[in-house]
Amino acid sequence: MANVVVVGAQWGDEGKGKIVDWLSERADVIARFQGGHNAGHTLVIDGEVYKLHALPSGVVRGGKLSVIGNGVVLDPWHLVSEIETLRGQGVEITPETLMIAENTPLILPIHGELDRARESQNSVAKIGTTGRGIGPAYEDKVGRRVVRVADLADETTLELRVDRALIHHDALRRGLGLDPVDRDALIAKLKEVAPAILEYAAPVWKVMNEARKAGKRILFEGAQGALLDIDFGTYPFVTSSNVIAGQAATGVGMGPGSIDFVLGIVKAYTTRVGEGPFPTELEDDDGQRLGERGHEFGTTTGRKRRCGWFDACLVRQTCATSGVNGISLTKLDVLDGFETLKICVGYELDGETLDYLPTAADQQARCTPVYEEMPGWSESTEGARSWADLPANAIKYVRRVEELIDCPVALLSTSPEREDTILVRDPFAD
């Protein structure tokens, strides 16, 4: 039985939540492997809307094991709040249905404070972070001064970890004009939240490897999108972790051989939240129309998303760096009614034509898109559940996207509803 990794293949907000939820019916284990609660997945199930940030999308399905892996950075207070919100919507969450890796780093209040202070005082170029402390928490992880889930179980260890972190943070805070951290208050807060987190703590690496040996189907759920990857994204306007599929194994403590199929989630147009380059961005009526029809506001921040035409060059790049076997094309219905559609097939840079976005920031800024035009369609694709339900020009658009990104469509999503999905190739059948 195949194990499937789901990754965003653009700048995030591609509709991963719905697709992971749809696939989770076929899975036994659903695991988050990177990112923090800056991620936002919206699920619409039988008219009920669930907004998830830290929890894997599989938690809304009964009988599944959801896992938060060590590649994630976790805000314990946010997690407790999110669990309570879902319980209020009738979702049962117990230590039998949710596990948190013991070596998962924690996001502390000092991380959010540092994140926001930096962003407000950055006179060079704002990164456009959510201000939730994800980046500073990852910094502390690689700096070997982070508090991890397992540390909550021992008071002496916890105090040592906090003291080590504060040596670093108090120095930074002085430079930013912030008051020193109240050590005792921070430790007290951690002790208070510890029982609510420790009940879910487990050796996730062991559980995951045993699940694989037992023939369980595993669904690896990524956050953000590959163009925000710390190595392969539009640096420095990126997130603080590796987003591409290779992180899935490391982020839960498994070997690369545990991955059988990589599904890239791709929106039928392009959006981006925050700062950074965006070659196909539209600041005209078409861009406004895409935003309004697609309800393009961030699940986590509420920020309006920037909108533009589909960029085949960028998606072809992310399919290569993540080893994508098939894509799930989402929000096709948003393109209904456009007389003409455009697809970016290359860039012009200083008189030359490129079929990829260069790494250097100054070159990215000078790239202008080369477009190919296609006729649109007037018929509705919303709610389509088979190819026969799609207009001919919509099918031509999908087929052209496949050709340009050199990757086949495995799933096609035509609305936020779970069942409005056309299955072309079942990732779990490989």
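Begin with the open sheet of 10 strands, which has mixed pairing and the order 7-6-5-2-8-1-9-13-17-18. Strand 7 (201-202) and strand 18 (421-423) stand at its edges with a single partner strand each, so one side of each lacks a neighbour in the sheet. Helices (H or I, at least four residues) and strands (E, at least two) are DSSP runs numbered from the N terminus, and two strands pair if DSSP finds at least two bridges between them.

This is a predicted model, in which local features need pLDDT of at least 70, side-chain atom pairs count only at pLDDT 80 or more, and totals for chains, interfaces and linings use all residues. Residues are numbered from 1 along each chain as its sequence is written, and side-chain values use heavy atoms, with hydrogens and water left out.

Next, select residues 4-8 and 261-267: strand 1 and strand 9 pair here in the parallel sense over five bridges. Val4 has Phe261 as its bridge partner in strand 9.

Proceed to strand 3 (residues 41-45), where four of the five residues are buried (under 20% relative accessible area; exposed is over 50%, partly exposed in between, with a 1.4 Å probe and protein chains only). Strand 3 pairs with strand 4 (residues 48-52) in the antiparallel sense over five bridges, and Thr42 stands opposite Lys51. Two residues separate the strands of this hairpin, and Asp46 in the turn has a positive phi of about 50°.

Now select Asp13, in the loop between strand 1 and helix 1 (16-24). Asp13 has a positive phi of about 60° and is partly exposed at 23% relative accessibility.

Finish in the loop between strand 8 (218-221) and helix 8 (247-250), where Pro236 is found. The peptide bond from Tyr235 to Pro236 is cis, with omega near 5°. Gln224 lies in the loop between strand 8 and helix 8, with a positive phi near 60°, and is buried at 9% relative accessible area.
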